[in-house]
Amino acid sequence: MSKLDDKKTDQKGQEDGVRGFIILFFIIGLFASLIVGWMIFPSLLYSKKKQPIDFNHVLHVEAVDQGCESCHYIREDGSFSGVPKLAQCVDCHEEVQGEDPEEAKFVNEYVAEGKEVPWLVYSRQPDCVFFSHVTHTKMAEMDCATCHGAIGESEHSKIYEQNRISGYSRDIWGKNIAGFKKNTWDRMKMDDCSECHVKNHVRQASVQTKKGGCFVCHK
Amino acid sequence: MKIDRRSFLSLGMGVAAGTALSPLPWKLIDDISIWTQMWPWTPVPEIGEVNYVNSTCTLCPGGCGITVRKIGDRAVKVEGKEGHPINSGGVCLLGLSGLQNLYGYDRRIKTPLKRIGNRGQGSFQKITWDEAISEVVNKLSEVRSTGQAHAVSCISGSDQGTVAQLLKRFLTAYGSPNFFTMPSMQDSYELALYLTQGIQASVAFDVENSDFVLSFGSGIVEGWGSPVRMFQASSRWREGKGKVVQIEPRLSITAAKSDKWIPIKPGTEAALALGLASVIIKESLYDKEFVENYAFGFENWKDDAGKTQIGFKQFVLEGYGPDKVAKITGIDKSTIISLARSFVRASKPLAIGGRNQGRSTSGRLNEFMAIYALNALVGNINKTGGVWSIPKPGYIKWPKVEMDDVAEKGIKEPRIDAAGSASYPYSQYLLNRVPGILNSGQENPIQVLFVAGANPIYALPNTKAVKEAFDKIPYIVGFSSYLDETAKYADIILPNHVYLERYEDIPTPVGFQKPFIGLAKPVIAPQFETKNLGDTIFLLAKGLGGTIEKAFPWDDYETCLKETLSEKWDSLEENGYWIDSSLKPADWKNAFKTASKKFEFIAAGKAKDIASLFGFSSSTLEGDEASYPLVLIPYDSMRLANGFIGDPPFVMKAVEDTVLKGKDVLIEINPETAKQLGMSEGGFAKLATPVGTAKVRVHLYDGIMPGIIALPRGLGHTAYDKFLGGKGVNFNELIGSVEDPVSGLDATWGIRAKLTKA
Ligand code: SF4
């Protein structure tokens, strides 16, 4: 072997090593960013807040006779009452009734003080969305659970996760960070509303455009 | 083995690939875009139980029904009231932005104010209501005690409804005949109605049922008549239920939406109407039943002295044949003939007039007469799809004012404007004549001026002359809710509630074909120390005492309104309006209250001869052609309120940048004319008219006839807020007032002008 050849082999070995590093670094970069993107980012993106009172839906649903509507009712004018106001709760919770420390907290801190509970609303849509409960639950006869899931069967209030950028609840964008959904209630973004609207031919003729109507929800 | 630059590049690529495969970038983009749509600092209405209050919009004379959405005590949105007879759910941009007149605190007057600076400067001092009332009362007593009661006068936005009538009643009890309203096309329309039909009524257009609308420059979708009602009518026509022919020198939005646009030399509209009449008569296409049985003055006739008078037929056939009219108007003879034929052939033709919004000026009487005559020729008077006359609502039945000696004497004094005198026998108010009279006289015929629901310093033609006239008036009392140009000129301001804070009846929207009263209702409690003008009048009357106090026997305005509307009140409270939907216009046998009991082409005994009523003359433009080679005309837009109300910020946002760029207004000019003047798009120019000058920018527009230039009304405010004030030019600063030779009303439609490169 001539010296020249030696050099060549040497170079070749070095080349192989460099290539190895290139691949290794690529893989490191790839995996690191996948971990950041799929795991660290989602947990950083949402701040976690506890509800002021841990609310037991199961207990309340048993005690009332009209299901969800006993507390979340439609007003006479067709508008939706949303999360109950203190005035509704006071009927039963004037005094502490049970053993639950959360109830005691509610009565002492809010009822006695006459202060509204600052509930965090998981399903609050942005202000640019016009949504009528009555058209969905009464006219279209949809179940509450179709959009809200089985919240009536929860014994504790889940953590409220708030998107640090947009300020909205995680329930709107969807639990799954990739945007996949298994259930109708997993996500409540514009596409989810329109998916159902298109399927059911909901007001597909806008007066202005004579096409699918933006103005059904944005008005 | 060596780690080199390539390894790091590779790391970077790995990170890029991994990131792209993770939800991070996509979710970030989505969240950031949501964040930008919903800036956290954007004010968002409270969430809570919604309630609605039905009321009536008073921002223009349209009379639309509105529903105001409230959350708690906060009004959050104005919507059109569904099922309302005028606007059935629709609302215009100005109406929609109404809350900015309520919560736009910069433009509102919050307490009574007394002037401390110079007039127009806007320096005021806050005073209490007691101080304000007693100051005005003292002033009024002083003037009255010197035998000058008739020198107290009032400019009001209109004379309809209880508030305007209370003002008028106050002047009567006080002893002054000098009540004025701001000019509008209704003045001329009502006069035409009176001259042809002998009735005092409002004119109405059954636009919902007409199938051919011949519009002499009326801005059908630009605010003419009751604006939202007209949009809806226009949509129906566009769906194939009718045709619109628009005649005007400029391709307005109305013209662009019409089936046919016929550009015309501005100011010659009356001649065209007469030309069309001559074709209709010559070809014997007119409605024989109507003309032969129910019309007078069509054929030649003999007056009381036995002298033969020329009738309408001979008048138009001789003087307004299509050849001659083609020369006057610049429209082809063949177009005139075919237009006349299509007008008559339509099953429900309707001719309308009043240029632009028809609100800034009364217009030339001969034009309205000629347009009326066209309607008569096709026999659409009081017919489906035609022109109707609607009796003025007679619900205000207050006892006659008991007058003391001073009042008796004062009320007999001649009006300042000579309206109703031998020179102007048929006109009620001629406010347009007042500045000239004040500026030319030595004495001050006006000692105290009330201004209510009007902004004359901004909205009357020839701002400079109007200001000069106001300067001669020793004491001006403003009642405006807004610190507008006229309020800034007042010596004392007794602010009215904004329309969403007060009760008020709004009768008969312009052109609506049923007797109708809308009710404005307080949507929220007054935000500031303001008072309903009705209550302010009562307080002034009480302060003056005697017969003046007695003329107002009500505890407060609300009681007065309820009692006045009596049995109609319940319907008004509940629906926000009262309508007499059963009203059918009178049939031809009973419709005409003239001497002949017929529709009179020539008002016998009222007009000298037919030519004085209809005759076209071209000398209606101020300025000489040599020094002012161009003709300047105004245009109106739904995006620029130009009367008592100034544009709120939302509406200003909608003004196109071909109208207003930054703070400069653009003047529309035909590219050909611009080329001759050496001007190009966006360039600055100096605009001069015999009345004033202004700096403008040039906008080349193929849709305007060569030699004509156009500016929008509604800009150039010096008051209100930073969103409106100081932008563009007030058209009224550039135009003079031209008096109609018959009616004496303001008939200005344009002015000669010169444009030079700046
Ligand atoms: S058209 Fe006139 S009355 Fe109707 S909503 Fe607009 S501003 Fe108000």
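B:Tyr720 sits in the loop that runs between strand E29 (708–712) and strand E30 (751–757) of chain B; helices (H or I, at least four residues) and strands (E, at least two) are DSSP runs, numbered from the N terminus. Its phi is near 65°, a positive value in a residue other than glycine. Most residues other than glycine have a negative phi. B:Ala418, not a glycine either, also has a positive phi, of about 65°. That residue belongs to the loop between helix H16 (405–412) and helix H17 (434–440) of chain B.

The model is a predicted one, with local features needing pLDDT of at least 70 and side-chain atom pairs counting only at pLDDT 80 or more, while totals for chains, interfaces and linings use all residues. Residues are numbered from 1 along each chain as its sequence is written, chains are lettered from A and ligands numbered from 1 in the order in which they are written, and side-chain values use heavy atoms, with hydrogens and water left out.

Chain B has been divided, by an automatic or database domain assignment, into domain 1 (128–183 + 398–496 + 531–575), domain 2 (186–392 + 585–607) and domain 3 (630–757). Taken over C-alpha atoms, the centres of domains 1 and 3 of chain B are 32 Å apart. In this pair, 21 residues of domain 1 of chain B are in contact (heavy atoms within 4.5 Å) with 23 residues of domain 3 of chain B. The two domains bury about 1,900 Å² between them, 52% of it on carbon and sulfur atoms; buried area here is the accessible area (1.4 Å probe) that two parts lose on being put together, summed over both. On the domain 1 side, B:Asn432, B:Tyr458 and B:Pro461 lose the most area to domain 3 of chain B, together 31% of what that side buries.

B:Glu739 pairs with B:Arg433 in a salt bridge whose closest N and O atoms are 3.2 Å apart. Helix H18 (456–459) and helix H20 (485–489) of chain B each supply at least two residues of the domain 1 side that touches domain 3 of chain B. That side splits into ten nonpolar, seven polar and four charged residues, where Ala, Val, Leu, Ile, Met, Phe, Trp, Tyr, Cys and Pro count as nonpolar, Asp, Glu, Lys and Arg as charged, and the others, Gly among them, as polar.

Turning to the two chains, 31 residues of chain A are in contact with 33 residues of chain B. About 2,900 Å² is buried between chain A and chain B, and carbon and sulfur atoms give 71% of that. A:Phe21, A:Phe25 and A:Ile165 are the chain A residues that lose the most area to chain B, together 20% of what that side buries. Two salt bridges are counted between the chains. A:Lys189 makes a salt bridge with B:Asp30, with the closest N and O atoms 2.5 Å apart. Helix H1 (residues 3–45) of chain A gives the most to the side of chain A that touches chain B, with 17 residues. By class, that side has 19 nonpolar, six polar and six charged residues.

Lastly, the ligand: residues of chain B surround it, including B:Cys57, B:Cys60, B:Cys64 and B:Cys92. Helix H3 (93–96) and helix H8 (227–241) of chain B are the elements that give two or more residues to this shell. The shell has nine nonpolar, three polar and no charged residues.

Terms used
Near = heavy atom within 4 Å. Salt bridge = Lys/Arg side-chain N within 4 Å of Asp/Glu carboxyl O.
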